[in-house]
Amino acid sequence: MSIKVKNLTKIFDEKKVLDDISFEVADGETLAVVGFSGSGKSTVLKLICGLLEKDEGEIITSEGDIAMVFQYSALFDSLDVADNISFALRERRDLRNKYTEQELKEIVTQKLGLVGLSGIERKFPSELSGGMQKRVSFARAIVTEPKTILYDEPTAGLDPISSTLIEDYIVRLQQETNAASIVVTHQMSTITRTANKLIMLYNGKIVFEGTPEELLRAENPYTKQFVTASLEGPMQMIS
Amino acid sequence: MITFRQYIRQSTTCKIFNAFYKQFVDFVATLGTIVYNGFATLKYICLGQINLKELMDQCVRFGISSLPITLSIVGMTSIIVTSQVAAEMVKQGGGHFVGLLVSILIVREVGAVMSGFAIISMIGSSLASELATMRVTEQIDAITVLKVSPIRYLFVPRVLSGIIMMPILVVIASAFGVLTGALTTAMTTELSFKAYFDSAWLGIYMKDLSVCLLKSVVFGGTIALISCSCGYEASGGAKGVGLATNKAVVWSLVAIVIWDLIFSITFFF
């Protein structure tokens, strides 16, 4: 089992953002985490990759690196594409002197090829479109051959065609790396095209767990409201 | 009907007390963060974990880009002071002390302090906004997830460049200040350059130069550390970046004045 989350609880300002949630993701599997904005989806990812400390529960991940693709790519704007991708290999203590300049160049070229962006090594993030930035951030994430990949709203802010392209790359990277992946998303297309299974969060709890097909068929009032994007239902937005 | 406790909570006095309490907690938290980040940075410097390319880039940014404004501020301060005292001193028969007064003033105080103020406005604010932007755009989170220490990658080259470049800037700015003092004296009085510089050398001791250099090292490190820390701890969006930059400037200014006071008490009392 690559990711095992057991009875996870996170409290912000006396409010339980995550309340005793548990799930598992196997190697080669992709779990979609869906729910309203503010339902704690991104918090799950930040807890798994160690950006936040959990209050209660257990998170067990396979040995190896955890990579994260951030919502707005989070590329280093002072570095060009090649330096962004090779950042961990140049700066990480255990990897710093492992590769020669030539090897680093080859790794960057290979990873860029994997996301269909060959030849943009010397461009800066500000010179790229949102979709291209996202793909560069994919390349940066997989450069250390991670066993776990976390995607925080990978298609947010992209047009439908770029979103489809990003979804294709999520599937392709999944096949290439056989990593356990978690995709936080609102978009139905991302869920159905990339995920093997999903959980839905509401008020810090899991209100649905199943496959994307089950989500579309389920009679669960939460999933029905989510799929039909209805204002009527058990999930109430805070206005 | 409200309870006594609710009445107290709603009272203006309580609100004012709460506001002061929040300020105090924020002050202690900021100070603690700066000290903690300072020790963490020092640890990496002592371990020699320094990115030389990044250090060179930061030195160029710290030294070259801020030189014109530093020279302008120190030079103009020197002109302002000299133009007001030189003529008066010559008139009162103290012309041979003009160089001495200006050089003491520049080397002991104006050179380092005014350069510090110039660096805060030029570099400190830019460091704070840079790191704050990196924080709110999740770039610092990305560094952490990639298992690289943000303190080693971001703080070490910036703080070290402050420590290296500030003394160089202060020496150049002080020399420029003494020189502009000479030009101002020559233009406003009949005192010769030779008379000015003869008395100027008399006022400068080895101790003054050493304290000036030590002061500039401390100022440079402090400004860079405070600016980086304030930016690093930013939260929220554009407003968070603005608040972090503002906090960095205010804290740096106060820190420079406090350090200056400590140096004055320690070495010149």
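**Note on the two-chain model**

1. Ala86(B) touches Val98(B), Thr184(B), Thr185(B), Thr188(B) and Thr189(B), leaving aside residues up to four places away in sequence. Touching, or contact, means that the C-beta atoms of two residues, placed from the backbone, lie within 7 Å. The model is predicted: local features need pLDDT of at least 70 and side-chain atom pairs count only at pLDDT 80 or more, while totals for chains, interfaces and linings use all residues. Residues are numbered from 1 along each chain as its sequence is written, and chains are lettered from A and ligands numbered from 1 in the order in which they are written.

2. Ala86(B) counts as buried because it has 26 C-beta neighbours inside 10 Å. The cut-offs are 20 or more other C-beta atoms within 10 Å for buried, 12 or fewer for exposed, and partly exposed in between, with C-beta atoms placed from the backbone. Ala86(B) sits in helix H4 of chain B. Its C-alpha atom is 9.4 Å from that of Leu101(B), 15 residues apart along the chain.

3. Helix H4 of chain B covers residues 67–91. Helices (H or I, at least four residues) and strands (E, at least two) are DSSP runs, numbered from the N terminus. The end C-alpha atoms of H4(B) are 36 Å apart, which agrees with the 36 Å that its 25 residues should span at 1.5 Å a residue. The expected span is 1.5 Å times one less than the number of residues. H4(B) also bends by about 30° at Thr82(B). That angle is taken between axes fitted to the seven residues ending there and the seven starting there. After H4(B) comes Gly93(B), with a positive phi near 85°.

4. Which residues of H4(B) are buried? They are Thr70(B), Ile73(B), Val74(B), Thr77(B), Ser78(B), Thr82(B), Val85(B) and Ala86(B). These pack against helix H5 (98–136) and helix H7 (150–188) of chain B.

5. Across the boundary, 11 residues of domain 1 are in contact with 10 residues of domain 2. Helix H6 (residues 160–177) of chain A gives the largest share of the domain 1 side, seven residues.

6. Helix H5 of chain A (residues 130–142) has 13 residues and reaches 19 Å from first C-alpha to last, close to the 18 Å expected. H5(A) is mostly covered, with 12 of its 13 residues buried. Among them are Met132(A), Arg135(A), Phe138(A) and Arg140(A). Its cover includes strand S5 (66–69), helix H2 (81–85) and helix H4 (101–114) of chain A.

7. Where do the chains meet? 11 residues of chain A are in contact with 11 residues of chain B. The largest share of the chain A side, three residues, comes from helix H3 (residues 87–91) of chain A.

8. The largest nonpolar core has 125 residues. A nonpolar core is a set of buried Ala, Val, Leu, Ile, Met, Phe, Trp, Tyr and Cys residues joined through C-beta atoms within 7 Å. H5(B) supplies the largest share of this core, 19 residues. Leu198(A) is one of the residues with the most contacts inside the core. Its contacts, not counting residues up to four places away in sequence, include Leu31(A), Val34(A), Ile191(A) and Pro212(A).
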